[in-house]
Amino acid sequence: MTSPTPVSQDSAKHELGAERSVYFRIKRCDGPGKATRWERFKVKVTRGEGANVLACLERIAANPVTADGAKTTPVVWDAGCLEEVCGACTMNVNGKVRQACSCLIDTCAPNDGDEVVLEPMQKFPIVRDLWVDRSRMFETLKRVKAWTPIDGLYATGPGPKETPERQQERYIYSTCMTCGCCLEACPQFQQEPDASKWDTSFVGANAIGQVQLFNEHPTAKELAPERLDAMTAAGGVSECGNAQNCVKVCPKEIPLTDAIAAVGRAATIHGIKRFFQGK
Amino acid sequence: MAAGSGSEKRVIVIGGGLAGLAASARLAEQGIQVDLFSIAPVKRSHSVCAQGGINACNEVARQQGFSEWAHMDETLYGGDFLADQPPVYEMTHWAPKIIDLLDRMGVPFNRTFEGYRDLRLFGGSLFKRTHFAGATTGQQLLYALDEQVRRAEQDGMVTKYEFWEFLWPVTEEVDGERRCVGMVAQDLRTMQVRAFRAGAVVIATGGCGLVFGKSTNSVSCTGAAAARCYQAGAWYANGEMIQVHPTAIPGADKCRLMSESARGEGGRVWVPRTKGDKRDPRDIPVPERWYFLEEKYPKYGNLVPRDIASREIFDVCVNQGMGIGAENMVYLDLTHKSREELDRKLRGILEIYEKFAGEDPRDVPMKIFPAMHYTMGGLWTTFTPEERTADSVMDRDSNRERVIGMQIDAKNTMSTNIPGLYALGEVNFAYHGATRLGANALLSCIFDGLFAGVGIANYVRDDAPDEEAVSSAPFDAAVKQEEAKVESLRSRAQQGLTDPAVNPYVIAQELGKEMTDASTVVKTGERLEKALNKIQELGERCSRATLADASLWTNQNMAFTRSLSDMVKLAEVILAGGIERRESRGSHFRLDYPDRDDDQFLKTTVAEYDAATGRPKISFREVITPLVKPRARTYGKVEKSSDPAPEPRETVAAEATS
Ligand SMILES: Cc1cc2nc3c(=O)[nH]c(=O)nc-3n(C[C@H](O)[C@H](O)[C@H](O)COP(=O)(O)OP(=O)(O)OC[C@H]3O[C@@H](n4cnc5c(N)ncnc54)[C@H](O)[C@@H]3O)c2cc1C
Ligand code: SF4
Ligand code: SF4
Ligand code: FES
């Protein structure tokens, strides 16, 4: 599992309920093709209340007035679980891509008057303000056939036995919440507005992790040749430049570079096989 | 204008949590085209939040005396016998098959040394019957179903409409009977309002945590979809049955679960003796701390059962105003334990606290408070009972002469009172009675989709009216109605800060607070009546609520405000049911009627919307109890009070996350 956000080391005791202000500088955009602008808001937080970035966005929504007193619209953002398991609230906070729900104000802006900068992810088309459209990530899961081809939904007996070690290995890949942090940080992954080009553009680390997940499962590996076809085709694993940014930003600490190495090897062998089969 | 239909009959599924995905997969397998709608990408549905596990009888437990029948009995007993029994029979008997199926899909269930599925102990059972996948069972199950639905999507059987919000079911009288023939939805990006035709509509939109303000639920759990069906004539059952989890971490945006194992491992609950004391807890000397559970229950101390813990914490904070810093919070203190021991036993849950509360619970006492957690009530649904005798192939309890389950191909399985409109998963009321056992919800959602999917396919093939038989008039009318709501909201928009009386966020906060105070842990008739008045006021203010955004592009402000007025309607149903149910049962505790009263209230509460007054009409229906005779739900409390044989430590520890 993930390691917790480091607790602020200042164990200096503080009074409960001390109120302070933080500023939010937010990159806003009213919709695709519209100009971007920055707006700054002042938000009151109470030390120790556990306020995160999203709680502050809610406060802004309830009182959409900038720090200079200008009236504006509530900021638009995406959220779901509020506990870092759904991936919805991913954005750039102070220049680093992460989930906003697990970003506590007392940690990221510990002092009175500190500023937090919020920007939408850059690698996906903007919908509005902090909300981007990541449907490409879900489409990519089709490209790599990220599923187990079971016979059907009626019971036919248990699945294959699995050692605890293998379960642990698969489990960690299976916690990928399609958040896109790894893609946002990857120098090889670019925004592609033309959906018809998605299938030949670089798949990105999370999809390679899914290939590894399913190729390790006794039933799902039946589709391994097809997954490896995708991995050897244009936009496949060989386009990874090994910058290792992905693994540094993955909130679930998924060993993406291990997956890239393993899938890379499998793809090479697969390519040679295909070559000799003349396919 | 209704679009989206070809010549073949389709089913609209609204919601892509476990229930909606299971139904979509089943319908696609049956050769039915599915249009799957969700306000968020289905892979981000609330079901990802479930941590603890999923229950099913298994071979190990069976050899120790457990059975599907015993699982059914626990579920009925846990639910204080308010659930109709045949659906629970069927669900618990399908459970092992469902685990096998999920296993085949590749769910990484935890394993034993030999490679079999591992099991854990959970509240409400003496047997290990809970299967789990790491600390994210719900996420893992949701992903497995999401993958199968993506496969069906690739095969052309499922069409997804993500970022679409369901607004209203469309009904029409066909051959003298009112049926659901489609629905109206809005694209949350373009804000286009549009009608969709279908042979049947399945509501799988989850629970209503947000009615209570901060809950353990996700932001999509508003209950608005159910409230809209109710206002369109669908019955809502057992609304008052809301489960509260005793130890949640109150956050600024939501309450996150804190496992009960923290108490199991010696956590002590206290508040400062001085009202409103704002000192750092570490500066408050022991004599100035009130360990109220230890004081009131010297024998059990902090290990009193869940409902008692909730009630006492609630009483100290809400009634006596003794919460930390006068807020609704108490300390759950583990700091007297060594770091080493805490890390060994509780590391996972302490890390969750650290991550979201930003404090190290090994150094500073945790702050916790009970929080709304699960919606047992929901849209009323029906089924066709099926009697099976000893020689029936489907019956596993061959030692019983006669059992009653649900007929698999029946077209009314989980149908609301409006034919063609179905409700599956947490949004219906079917399985958990007056309270839900931990790790039974995931099961009920998946079972619902897989089982009811068969009957829904039959209904659509055989009974759903042909498209030609339904004019476009009801669709046009529903679109008009919803467009009018949009326009009315927009017409009141003004940028910047609005008067708190009509600020939707302020109204939502007041709604959550009132509902939490009046209608969660402890209820009285008087307090509920007072809340009902307050809700009327909020409803009136809601009708004047002012937006800060008039745009017709991704207007979340509008979607939020619209949902709010539906949440207010649901709050009325919850309160009205609570007022009429003059007894205590399961999660419903009435201080003024502390005992269960089977003579009068072994009955399902049914709320019907009265269009003339806009208020719910409450009536009661018999609970169907052919299998197990209702008995007192004591969990051995009586014996314990004389000589406490404490619950097995493991049970307390294992009540865990549910
Ligand atoms: C913190 C937590 C832990 C839990 N742990 C466990 C556990 O360990 N074991 C267990 O058995 N149960 C557990 N539960 C309960 C369980 O997770 C839920 O009951 C279950 O996941 C509900 O699934 P669902 O399919 O009914 O709905 P959800 O998963 O809530 O899905 C609802 C769907 O409907 C969509 N939707 C909602 N409104 C609309 C609308 N108006 N228009 C279009 N789409 C809409 C949403 O986008 C979503 O796709 C837990 C619950 C919580 C809160
Ligand atoms: S290692 Fe590959 S996938 Fe990861 S960031 Fe670098 S280029 Fe991208
Ligand atoms: S691999 Fe990690 S960073 Fe990438 S999408 Fe999955 S969870 Fe997010
Ligand atoms: S809201 Fe789900 S990850 Fe942040």
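This is a predicted model: local features need pLDDT of at least 70, side-chain atom pairs count only at pLDDT 80 or more; totals for chains, interfaces and linings use all residues.
How many Å separate the centres of domain 1 of chain B and domain 3 of chain B? The answer is 24 Å, taken over C-alpha atoms.

Residues are numbered from 1 along each chain as its sequence is written, chains are lettered from A and ligands numbered from 1 in the order in which they are written, and side-chain values use heavy atoms, with hydrogens and water left out.

**View 1. Domain 1 of chain B meets domain 3 of chain B.** The domain assignment of chain B gives domain 1 as 10–244 + 376–384 + 410–473, domain 2 as 245–374 + 640–657 and domain 3 as 477–618; such bounds come from an automatic or database domain assignment. Here 45 residues of domain 1 are in contact with 50 residues of domain 3 (contact means heavy atoms within 4.5 Å). About 3900 Å² is buried between these two domains, and carbon and sulfur atoms give 63% of that area (buried area is the accessible area, with a 1.4 Å probe, that two parts lose on being put together, summed over both). Look for B:Phe212, B:Tyr230 and B:Glu240, which supply 19% of the area that domain 1 buries against domain 3, more than any other three residues.

**View 2. A salt bridge joins B:Arg562 and B:Glu165.** The closest N and O atoms of this pair are 3.3 Å apart (a salt bridge is a side-chain nitrogen of Lys or Arg within 4 Å of a carboxyl oxygen of Asp or Glu). Across the interface of domain 1 and domain 3 of chain B, the rule finds 4 salt bridges.

**View 3. Chain B touches chain A.** In this view, 84 residues of chain B are in contact with 84 residues of chain A. The area buried between the two chains is about 7300 Å², with 54% given by carbon and sulfur atoms. B:Arg44, B:Arg104 and B:Lys355 supply 13% of the area that chain B buries against chain A, more than any other three residues. B:Lys355 also forms a salt bridge with A:Glu84, at 2.8 Å from N to O. The count between the chains is 5 salt bridges.

**View 4. Helix α1 of chain A is mostly covered.** Among the buried residues are A:Leu54, A:Cys56 and A:Ile60. The buried residues pack against several elements of chain A, including β1 (19–29) and β2 (36–46), together with α13 (504–518) of chain B.

**View 5. B:Asn555 sits in a loop of chain B.** The loop lies between α14 (525–542) and α15. B:Asn555 is buried, with a relative accessible area of 1%. A polar atom of the B:Asn555 side chain lies 2.9 Å from the backbone oxygen of B:Ser551. Not counting residues up to four places away in sequence, B:Asn555 touches A:Arg128, B:Leu188, B:Met191, B:Asp549 and B:Ala550.

Terms used: Buried means under 20% relative accessible area, exposed over 50%, partly exposed in between (1.4 Å probe, protein chains only). Helices (H or I, at least four residues) and strands (E, at least two) are DSSP runs, numbered from the N terminus. A polar contact is a pair of N or O atoms within 3.5 Å; within protein, one must be able to donate a hydrogen and the other to accept it, and residues adjacent in sequence count only if both atoms are side-chain atoms.
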